[in-house]
Amino acid sequence: MRRKSQESDARLRASKADRARILDALHDAERYSSAPGPLRPEVWRDDLLGALDELGAALHEQHRASSEPKGLISSVVEVAPHLAPSAEELHLREAKLVSEVTQLIRHLADLSRPVDVDVIRREVADITREARELRAWETDIAYEAYLVDLGVGD
């Protein structure tokens with residue numbers, strides 16, 4: 001039993017680290033997106049590309065880790081099978097978000113296209129909003145499984 005508890009603690013620590021990396025990357029993407037852009041579009045684009053690259057990498061890693069058999073969400077489904085549909089939808093939305101970030105990076109990196117700062121800012125806002133919603137949803141799923149279903153919560 002102690003080994004299982006240690007494994008759960010390790011999964012939770014890994015998930016927290018992934019979530020912290022994503023949050024830092026979200027902040028950077030929002031900061032660079034809202035920086036002055038119209039008068040210096042190339043510098044703005046390069047700064048934002050760096051932030052989006054980090055966000056994309058962080059989201060991809062978290063998505064990969066959460067779908068592994070020893071990942072947090074997989075372990076949640078083990079102890080609370082009724083959460084499997086929510087976990088599956090979370091996984092699908094995470095994959096879609098990773099794809100959207102990748103598409104935005106490709107769009108920004110295409111130097112043959114002009115930069116429309118307002119359009120890009122809206123896309124970044126949509127991405128960061130979705131990422132925050134998914135973070136909250138993941139927390140809700142984990143909370144329900146570990147604190148409610150296992151009886152260690154309120």
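**Salt bridges and their surroundings**

A: Arg129 counts as partly exposed, because its relative accessibility of 45% falls between the limits of 20% for buried and 50% for exposed. The model in which this residue is found is a predicted one. The partner of Arg129 is Asp126, and the closest N and O atoms of this salt bridge are 2.4 Å apart. Asp126 is likewise partly exposed, at a relative accessible area of 44%. Both residues belong to helix α5, and because they are three residues apart there, about one helical turn separates them.

Salt bridges with shared partners also occur: they connect Glu61, Arg64 and Glu68 into one network. Within that group, Arg64 and Glu61 meet through their side chains, with an N to O distance of 2.3 Å. Arg64 and Glu61 are both part of helix α2, which spans residues 41-67, and they stand three residues apart, about one turn of the helix. As for accessibility, Arg64 is partly exposed at 33%, and Glu61 is partly exposed as well, with a relative accessible area of 25%.

Arg132 and Glu30 form a salt bridge whose closest N and O atoms are 2.7 Å apart. Arg132 has a relative accessibility of 32%, so it is partly exposed. Glu30, with a relative accessible area of 28%, is partly exposed too.

The pairs described here are among the 10 salt bridges that the structure holds.

For a view of buried side chains, one may turn to helix α3, which covers residues 72-79. Leu72, Ile73, Ser75 and Val76 are buried in this helix. These four residues lie on the same side of α3, because the arc they cover around its axis is only 160 degrees. Each of them is classed as buried because its relative accessible area is under 20%, whereas Glu61, at 25%, is partly exposed.

Notes: Residues are numbered from 1 along each chain as its sequence is written. This is a predicted model: local features need pLDDT of at least 70, side-chain atom pairs count only at pLDDT 80 or more; totals for chains, interfaces and linings use all residues. Side-chain values use heavy atoms; hydrogens and water are left out. A salt bridge is a side-chain nitrogen of Lys or Arg within 4 Å of a carboxyl oxygen of Asp or Glu. Buried means under 20% relative accessible area, exposed over 50%, partly exposed in between (1.4 Å probe, protein chains only). Helices (H or I, at least four residues) and strands (E, at least two) are DSSP runs, numbered from the N terminus. The arc is that of the directions from the helix axis to the C-beta atoms.
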